[in-house]
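Have the structure open as you read.

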2 protein chains.
Amino acid sequence: MPTRYKMKIAYDGTRYAGWQVQPRHRTIQGEIELLLTRMTGQRKHVRVESSGRTDAGVHAHGQVAHFDLPGRIDPAYFRRGLNAQLDPDIRILTLEEVEPSFHARFSAVGKEYRYFIYNGKILPPTKRLYRLHEIRPLDIGAMRSAAELLAGEHDFAPFSANPNREIDGTVRTIHAFQVRKHGSEIELEVQGNGFLYKMVRSLSGFLVRVGRGELDPGAAVDILEHGKRTAVVPTAAPQGLFLWKVFY
Amino acid sequence: MPTRYKMKIAYDGTRYAGWQVQPRHRTIQGEIELLLTRMTGQRKHVRVESSGRTDAGVHAHGQVAHFDLPGRIDPAYFRRGLNAQLDPDIRILTLEEVEPSFHARFSAVGKEYRYFIYNGKILPPTKRLYRLHEIRPLDIGAMRSAAELLAGEHDFAPFSANPNREIDGTVRTIHAFQVRKHGSEIELEVQGNGFLYKMVRSLSGFLVRVGRGELDPGAAVDILEHGKRTAVVPTAAPQGLFLWKVFY
């Protein structure tokens, strides 16, 4: 009976082609799996299953993943050993033994994403890899109204980058959708029971258009009723997005 | 009579071999001078003089520099034209015409630097290029006491990386030296009428040793009295340092 381990991971997605293993590309999953396989001296490649993939350039504040080992390791020592050998743009925040029934993806009951916008004339150099830059002043009130209309259970197909690929259908529930502003910084925080492909970037792209005054907040209702993805909804740039938390 | 322009510059020093032009290295000054020369179509290379050099890996929130042009340009349009062609890790924040007597270095009456420390177990990936990472809990009270002892007019030769190279002597005045803590973030803010070579990194390295309990705050007095650089004072890593503001 193998032992299952759960880990919480933070990463800066800038230098990676996303979470998922791909041939001839550096990926977060690829880096961690290679190191785990070497650290534990396994003949068989150690597979790491996450709560879900993140795209190229997207960051994580609290991604969760699990993996199995034939024996037992000491989680605290093992975690430090992993961090010592990973590049500093990937950090294992916590590592613990869990029940074999735990599954990073199937056991998750919800997720929180945050999308960061710098709404000022000049994007500070040290923020350039972690913000969407929007020069035009955004109407926060209008963005909040649109976010409220998007909260709740809806068919979010118009906010999926590939609705036909969604194997679990396209109905999801957004439990909370907050829009916060501190100075030039705008933070979108969205919690839900699941998210479609590029859904948070599509919701963010839509809110930015509302904030610019190109669309009324009420367009959220029209788009949901229309039911299909259209060019009205853009996909916001990846570097503003952080997978913030996974709920179990 | 040429026209003199003053600019305020922010940069992320990560990818550069510091401010000053060097053969076969990318530098901030080199990037800006090349672009200015091309933008203005000058036969003669346009020289940019800053308030002072910053070392490789050091960042700037508000570096100041000046340059001369034979004719006049519109500062607002010209600034946007520069930013459009510079890499986003260098930003011209302001640009204005000034009196020909203004000199970025000689007119400066003081400077503010900030040094950022992440004092927690695991350095967040997105902060790795902008913080010194210190795992051991630092004693902020002791660091504040040491900072107070360092404020004022002193011969700071023991905090210069090369005291014999200092052409204006080694006596400087620190007007204010603050130590702030918010959660795991520690910020050292130092204002003075001038700083010796690697002085802020040396002061920061010393304060970290005090914070760790390796040295008493009173060691500041002994070191200043001793008058010579010793191994007791380390030079803290460049990536924690920001040239924050230049006073005129």
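Contact here means heavy atoms within 4.5 Å. By that rule, 17 residues of chain B are in contact with 17 residues of chain A. The model is predicted. Across all chains, a search of the whole structure finds 46 salt bridges.

**Interface between chains A and B**

- The size of an interface is often given as the accessible area lost when the parts come together.
- Chain B and chain A bury about 1,400 Å² between them. Carbon and sulfur atoms carry 72% of that area.
- On the chain B side, B:Ile122, B:Pro125 and B:Arg128 lose the most area to chain A. Together these residues make up 40% of what that side buries.
- Four salt bridges are counted between chain B and chain A.
- B:Asp89 forms a salt bridge with A:Arg128. The closest N and O atoms of that pair are 4.0 Å apart.

**A salt bridge within chain A**

- The side chains of A:Glu189 and A:Arg114 meet in a salt bridge, at 3.5 Å from N to O.
- A:Glu189 lies in strand E9 (residues 185–192) of chain A, and A:Arg114 lies in strand E5 (residues 110–118) of chain A, so the pair ties together parts that are 75 residues apart in sequence.

**Helix packing in chain A: H1 with H2**

- Two packed helices are described by the angle between their axes and the distance between the axes.
- Helix H1 (residues 28–39) of chain A and helix H2 (residues 75–85) of chain A have axes that come within 11 Å and cross at roughly 125°. That angle makes H1(A) oblique to H2(A).
- H1(A) passes H2(A) in a right-handed crossing.
- From H1(A), A:Leu35, A:Leu36 and A:Met39 take part. They meet A:Phe78, A:Gly81, A:Leu82 and A:Gln85 in H2(A).
- The residues of the contact of H1(A) with H2(A) are five nonpolar, two polar and no charged.

**Helix packing in chain A: H3 with H4**

- The axes of helix H3 (residues 140–150) of chain A and helix H4 (residues 199–211) of chain A come within 8 Å. They cross at roughly 140°, and H3(A) and H4(A) are therefore oblique to each other.
- The crossing of H3(A) and H4(A) is right-handed.
- H3(A) contributes A:Ala142, A:Met143, A:Ala146, A:Ala147 and A:Leu150 to the contact. H4(A) contributes A:Leu203, A:Phe206, A:Leu207, A:Val208, A:Val210 and A:Gly211.
- By class, the contact of H3(A) with H4(A) has 10 nonpolar residues, one polar residue and no charged residues.

**Helix packing in chain B: H3 with H5**

- Helix H3 (residues 140–150) of chain B and helix H5 (residues 219–226) of chain B have axes that come within 8 Å and cross at roughly 30°. H3(B) and H5(B) are therefore roughly parallel to each other.
- H3(B) passes H5(B) in a right-handed crossing.
- B:Ala146, B:Leu149 and B:Leu150 in H3(B) meet B:Ala220, B:Val221 and B:Leu224 in H5(B).
- The contact of H3(B) with H5(B) has six nonpolar residues, with no polar and no charged ones.

Methods: Residues are numbered from 1 along each chain as its sequence is written. Chains are lettered from A and ligands numbered from 1 in the order in which they are written. This is a predicted model: local features need pLDDT of at least 70, side-chain atom pairs count only at pLDDT 80 or more; totals for chains, interfaces and linings use all residues. Side-chain values use heavy atoms; hydrogens and water are left out. Axes are lines fitted to C-alpha atoms, for helices over the stretch in contact, and angles run from 0 to 180 degrees between N-to-C directions. Helices (H or I, at least four residues) and strands (E, at least two) are DSSP runs, numbered from the N terminus. Angles under 35 degrees count as roughly parallel, over 145 as roughly antiparallel, 65 to 115 as roughly perpendicular and the rest as oblique. A crossing is left-handed if the near helix is turned anticlockwise from the far one by less than a right angle, and right-handed if clockwise. Ala, Val, Leu, Ile, Met, Phe, Trp, Tyr, Cys and Pro count as nonpolar, Asp, Glu, Lys and Arg as charged, and the others, Gly among them, as polar. Buried area is the accessible area (1.4 Å probe) that two parts lose on being put together, summed over both.
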